[in-house]
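Dear colleague,

I am handing over the structure below, together with notes on what was found in it. Please read them with the coordinates open beside you.

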Amino acid sequence: MSFDLARYRAEWTGGSLHREILAGMVGTFALIPEVIAFSFVAGVDPEVGLFASFVIGIVIAFAGGRPAMISGAAGSVALVAAALVSSHGLQYLLAATLLCGAIQVVFGLLKLDVLMRFVSRSVRTGFVNALAILIFSAQLPQMMDVTWHTYAMIALGLAIIYLVPRVTEAIPSPLICILVLTVVSMGMDMPLRTVADLGRLPDSLPSLVWPQVPLNLETLRIVFPYALAMAMVGLLESMMTAGVVDDWTETNSSKRAECTGLGIANIAVGAFGGIAGCGMIGQTVGNLRYGGRGRLSTFVAGAFLLVLMVLLRPWVAQVPVAALVAIMIMVSVSTFSWSSLRDLAAHPRLSSLVMLATVAVVVVTHNLAMGVFVGVLLSGVFFAFKVMRLMQVEKAYDEAGRTRTYRVKGQVFFASAEMFADAFDLRDAVARQVVIDLTGAHLWDITAVGALEGVVNKMRRHGLRVEVVGLNEASAGMVERHGRFSPAEM
């Protein structure tokens, strides 16, 4: 029991109470501008995103599997939600958020987090590149049909974001961007849209709500595809963020608990009228950089967010949209993996093709989950193709015994079974006996067993004596269970 208590305390404080609190407070300042900006991208009031980030931060601090990780209502999930909000409205988004959380809880309880291992590096690179492109494209409407003042403010915001860190990193540069641009816009009479024009800001604690949608199959048909996409994309981004923290802190975390914790947090978010969220890489790295190592920093980042928003509501309402656009452009640029462009020529062509296909599908469909699905599918096909080509069948002939020996090396499965069968001369007019040596091979599935069985039967029908040798234990078991004869009969 004492060991469990010590471990629990270590996960919460990370070894230093004041460091956790300060890191969480700094994380809040880094969280505010991005949450408001992503709420703007999703097409919901800032209140929705801020309430959601508060709830996620509180819940996942207790239920999540990765201490020191910052999660909020931002990132790729907002892009998926935008299409549902524009087509059916906020109430359907709340229903989708509840369902998204339930899917993530089931995902964690069934230990399906292992499926994330099938997402290759090429797919992950394509995912973040496509996310960066979608984030940038979402800003374009705010840069059309506007006066030069908007472009000037965006340029000023970008200059602040990129130049201030060269002087000091004590205060996040996006926060300085918001403060400066807000002061400038309030001090000068310029035709600029502000956060107040985007919708309501929080002025009290969130309250329980229930989505005002019909409880029928038609509603399920509408929200389920979006809920599934939000769940998968949120899990992918959270798993990637958890991996970053694992590497940074040189510790391991429970990905299963993170899946379940994120699901519980998103169910709570939906119940309090918010938009689903996920792990936030930028804010998490900032939390780590400022010393956050435990759950307390995650808790403080969420709790302090609501305190600030209620106290600073009149000021936040005056923030120009141009500042949010500048921040999102920075997020887009920092998210994109620029080294992947250089790696296109250095990496294997099939890996580069997977990355490009993932990006292309996401950009065309605006569906991050679909892009990941296509990327994983292509990765599997290309991997099977590579393994298939590694299979070899060597032939040797003993004239004295009139015996032809086939030595099979490699993996025999559905993709290579046809190549395996084609390698044998079924009407051998010279040999009287055939030996199929599988010492260097492995039979993986019923397709492989069927191919071996077909070769043996056809040779025997043509008067050849066939002997199969070298089956390993697993392959022999496959033949016994799924073949029409046992290895002993061969």
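Five salt bridges are found in this structure, which is a predicted model. One of them joins the side chains of Arg-221 and Glu-218, with a nitrogen-to-oxygen distance of 2.4 Å. These two residues lie three positions apart in helix H9 (residues 217-249), and therefore about one helical turn separates them. Arg-221 is exposed, its relative accessible area being 53%, whereas Glu-218 is partly exposed at 40%.

Another salt bridge pairs Lys-255 with Asp-246, whose closest N and O atoms are 2.5 Å apart. Here the accessibilities fall into separate classes, since Asp-246 has a relative accessibility of 9% and counts as buried, while Lys-255, at 23%, counts as partly exposed. Both residues also belong to a network of salt bridges in which Arg-66 takes part.

A further salt bridge is made by the side chains of Glu-394 and Lys-409, at 3.4 Å from N to O. This pair links distant parts of the chain, with Glu-394 in strand E3 (residues 392-398) and Lys-409 in strand E4 (residues 403-412), 15 residues apart. Glu-394 is partly exposed at 34% relative accessibility, and Lys-409 is likewise partly exposed, with a relative accessible area of 39%.

On the overall layout, the domain assignment divides the chain into domain 1 (3-337) and domain 2 (390-480). Taken over C-alpha atoms, the centres of domain 1 and domain 2 are separated by 57 Å.

Just after H10, Gly-273 adopts a positive phi of about 80 degrees.

Helix H4 (residues 76-88) is made of 13 residues, and its first and last C-alpha atoms are 19 Å apart, close to the expected 18 Å. Buried in H4 are Ser-76, Val-77, Ala-78, Leu-79, Val-80, Ala-81, Ala-82, Leu-84 and Val-85. Just after H4 there is a glycine with positive phi, Gly-89, for which the angle is about 95 degrees.

Helix H7 (residues 148-167) contains 20 residues and reaches 29 Å between its first and last C-alpha atoms, close to the 28 Å expected at 1.5 Å a residue. Its buried residues are His-149, Thr-150, Met-153, Ile-154, Gly-157, Ile-160, Ile-161 and Val-164. Among the elements that cover these buried residues of H7 are helix H8 (173-187) and helix H14 (321-335).

With a relative accessibility of 0%, Ala-68 counts as buried. Asp-145, also not a glycine, has a positive phi of about 55 degrees, and it is found in the loop between helix H6 (121-137) and H7. At 85% relative accessibility, however, Asp-145 counts as exposed.

Notes
Residues numbered from 1 in each chain as written. Predicted model: local features only at pLDDT ≥ 70, side-chain atom pairs only at ≥ 80, totals over all residues. Heavy atoms only, no water. Helix = DSSP H or I, 4+ residues; strand = E, 2+ residues; numbered from the N terminus. Expected span 1.5 Å × (residues − 1). Buried < 20%, exposed > 50% of the residue type's maximum accessible area, 1.4 Å probe, protein only. Contact = heavy atoms within 4.5 Å. Domains from an automatic or database assignment. Salt bridge = Lys/Arg side-chain N within 4 Å of Asp/Glu carboxyl O.
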